[in-house]
Amino acid sequence: MKKEELLKLIGNNIKVLRTEKGLSQVDLVGKIEGQIDTTNISRIEAGRTNPTVHTLYRIAVALDVELKDLVNL
């Protein structure tokens, strides 16, 4: 699998989980511990940036899911 495909899959997982919980990107940013902006969430969901494991962990905590749920292929 190419890097770009992997990033898009992870980004889509985040978007699906976020929307299932009825959260906007702004809502998600408000729940994430530490500084992150809406633009960064948008880039992650679109697969245009490579988030760190720590960022993915913080997103998982904010969504109240396990980290593996974000990277489930």
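Predicted model: local features only at pLDDT ≥ 70, side-chain atom pairs only at ≥ 80, totals over all residues.
Author: Buried residues make up 36% of the 73 residues in the chain.

Reader: What does the secondary structure of the chain come to?

Author: You get 5 helices and 0 strands. Read from the N terminus on, the elements go α-α-α-α-α. The radius of gyration is 11 Å, close to the 11 Å the globule rule gives for 73 residues, so the chain is as compact as a globular protein of that length. As for the box, the C-alpha atoms fill roughly 30 × 20 × 20 Å along the principal axes.

Reader: Among contacts between residues at least 6 apart in sequence, what share joins residues at least 24 apart?

Author: That share is 56%.

Reader: Why is Glu 45 called buried?

Author: The cut-off for buried is under 20% relative accessible area. Glu 45 comes in at 9% relative accessibility, so it counts as buried. Its place is in helix H3. Leaving aside neighbours within four places in sequence, Glu 45 touches Gly 11, Asn 12, Ile 14, Lys 15, Arg 18 and Gln 25.

Reader: What makes Arg 18 and Glu 45 a salt bridge?

Author: The rule asks for a side-chain nitrogen of Lys or Arg within 4 Å of a carboxyl oxygen of Asp or Glu. For Arg 18 and Glu 45, the closest N and O atoms are 2.6 Å apart, and the pair forms a salt bridge. Arg 18 lies in helix H1 (residues 3-20) and Glu 45 in helix H3 (residues 38-46), so the pair ties together parts that are 27 residues apart in sequence. Both partners, Arg 18 and Glu 45, are buried.

Reader: And how many salt bridges does the count come to?

Author: The count is 1 salt bridge.

Reader: Then what about Arg 58: which side chain of opposite charge is nearest?

Author: That would be Glu 33, 7.5 Å away. Arg 58 lies in helix H4 (residues 53-63). Leaving out neighbours within four places in sequence, Arg 58 is in contact with Ile 32, Glu 33, Gly 34, Gln 35 and Ile 36.

Note on methods: Residues numbered from 1 in each chain as written. Heavy atoms only, no water. Helix = DSSP H or I, 4+ residues; strand = E, 2+ residues; numbered from the N terminus. Rg over C-alpha atoms; globule rule 2.2 N^0.38 Å. Buried < 20%, exposed > 50% of the residue type's maximum accessible area, 1.4 Å probe, protein only. Contact = heavy atoms within 4.5 Å. Lys, Arg positive; Asp, Glu negative; His and termini not counted.
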